[in-house]
Structures are given as structure tokens and as C-alpha cells.
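Here is a friendly note to read alongside the model, for anyone meeting it for the first time. Please keep the viewer open and follow the points in order.

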Amino acid sequence: MAAKKSNSMAILIFLFLLCHINFFVVESANKIRARHLCKTLMFYFHDIIYNGENAKNATSAIVGAPAWGNFTKLGGKNHFGDLVIFDDPITLDNNLHSTPVGRAQGFYFYDKKEIFTSWLGFSFVFNSTEHKGSINFAGADPLMNKTRDISVIGGTGDFFMTRGIATLMTDAFEGEVYFRLRVDIKLYECW
């Protein structure tokens, strides 16, 4: 009888401890998942694609094209298969001639035949007195949507290991030569 009570008591203690451990694990997991906005930033980046006539002003160039394309004009419908690298100025306002606070450096490629869309991988590299370091971005860019979200996947300097979301909006475009993106950045992990 004493052995049964001892076993029952041991089982109850074990279940009690198991419930408490489970509660603490769930509670700590919820704390890890809770993200709070720690910084917001807004910039414009200006892309001038090389078209065979604007080498002096161009900030981007086609470096890969499908067999039917070429390296001075974006290829056919939806530019499918074109790979573009860029080194674009970043400004605090929408004026191309404003003093740059950094450079947007990376690439985009047009990845669908049916829909006008691209995939981006780039960094904002800052050279201003206000910001030092870089912010890294990656993600799909369905260009026909008014706003598009891409991931902030890291950074250096003032933005060491940062994470968040960047909302892209096409602010202006001139044919296939120039476009300006407004980038609203919301950071949820700041060190």
C-alpha cells in the first residue's frame, strides 16, 4: 500500500513538473516571437538603366539576357530572363539630384513570362554622417502591385544583424530607362 502511494505521489509530482516546464517553454517561446518595431526609415533609390546611349548617367546595366534579348534593351514581353546589376544613389527625398546618403547595390532579374515581376537581392550601403554600415534585402517584387514587401535579412555597422520588412512603391518611371522606388523600412530586430 505504501509503495502504491509512493508511486502515485511520484507520478503526480512528475505531471506537476511536466506541466510547469511546458508552461515555461510556451511562455518563453511567445516572448521570442513577439516582435516590436524598433526603427523606421524611408529612402528613395533611383535606377537609370544603360540603353546604349546613356553610359555617362547609367547606374545599372543588363548583364544577362536570354537568346532573343540583348544587353542594351530589356527583352520582350515582361523582360523575362533579363538580369540587371545596379549601383544606384539613395536619397532622402524623391529628387535624383539630392545629395546621396548611400548606394543601393545589387541585382534584379525578371523571373516570369506571364506577369511583370522580378526578384531582388541588394544592399543599401550608407556613407552619411547619420548612418554607417549596410542593410541587406531580398525577395520577390511583383511590379504591378502598388506596394510590395521584401525581407530585410541583415546588415552591418549601425544595422548589425537587423531584420524586418521593406515596403517598395514605384514612385516614378520613365519608360524602360529610369525608375524611382520609395522604400519604407520597418526594423524589428535592432542591436
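This is a predicted model: local features need pLDDT of at least 70, side-chain atom pairs count only at pLDDT 80 or more; totals for chains, interfaces and linings use all residues.

1. Let us start with Arg180, which counts as buried at 13% relative accessibility. Arg180 forms a salt bridge with Asp171, and their closest N and O atoms are 2.5 Å apart.

2. How many salt bridges does a search of the whole structure find? The search gives five. As background, side chains of opposite charge can pair when their charged atoms come close. One of the five links Arg148 to Asp141, with 2.6 Å between the closest N and O atoms. Buried or exposed, where do these two belong? Arg148 is buried, with a relative accessible area of 3%, and Asp141 counts as buried too, at 2%.

3. Another salt bridge to look at joins Arg103 and Asp87, whose closest N and O atoms are 3.1 Å apart. Arg103 belongs to strand β4 (residues 102-110) and Asp87 to strand β3 (residues 83-91), so this pair ties together parts that are 16 residues apart in sequence. Both ends count as partly exposed: Arg103 has 26% relative accessibility, and Asp87 has 32%.

4. Next comes the disulfide. A search of the whole structure finds one, and it joins Cys38 to Cys190 with an S to S distance of 2.0 Å. The pair links distant parts of the chain, 152 residues apart. Cys38 is in the loop between α1 (2-33) and β1 (39-48), while Cys190 is in the segment after β9 (178-189). For a reader new to the topic, a disulfide is a covalent bond between the sulfur atoms of two cysteines.

5. Two further details of that link are worth a look. The angle about the S-S bond is 75 degrees, and the link of Cys38 and Cys190 is right-handed. Are the two cysteines buried or partly exposed? Cys38 is partly exposed, with a relative accessible area of 38%, and Cys190 counts as partly exposed at 36%.

6. Now please turn to strand β1. Seven of its 10 residues are buried, so β1 is largely enclosed by the rest of the structure. Which strands pair with β1? β1 and β9 pair in the antiparallel sense over 10 bridges, and β1 also pairs with β3 in the antiparallel sense, over two bridges.

7. On the β9 side, Ile48 stands opposite Tyr178. On the β3 side, Tyr44 stands opposite Thr91.

8. My last point concerns the surface. Which residues form a nonpolar patch there? Val63, Leu83, Ile85 and Phe107 do, with about 290 Å² of accessible area together. Val63 lies in strand β2 (residues 60-64) and counts as partly exposed, at 41% relative accessibility.

Conventions. Residues are numbered from 1 along each chain as its sequence is written. Side-chain values use heavy atoms; hydrogens and water are left out. A disulfide is a pair of cysteine sulfur atoms within 2.5 Å. Helices (H or I, at least four residues) and strands (E, at least two) are DSSP runs, numbered from the N terminus. Buried means under 20% relative accessible area, exposed over 50%, partly exposed in between (1.4 Å probe, protein chains only). A salt bridge is a side-chain nitrogen of Lys or Arg within 4 Å of a carboxyl oxygen of Asp or Glu. Two strands pair if DSSP finds at least two bridges between them. Patches are made of residues with over 30% relative accessible area and no salt bridge: like charges are joined within 9 Å, nonpolar side chains (Val, Leu, Ile, Met, Phe, Trp, Tyr) within 5 Å. Accessible areas come from the Shrake-Rupley method with a 1.4 Å probe; for residues, only the protein chains shown count as cover.
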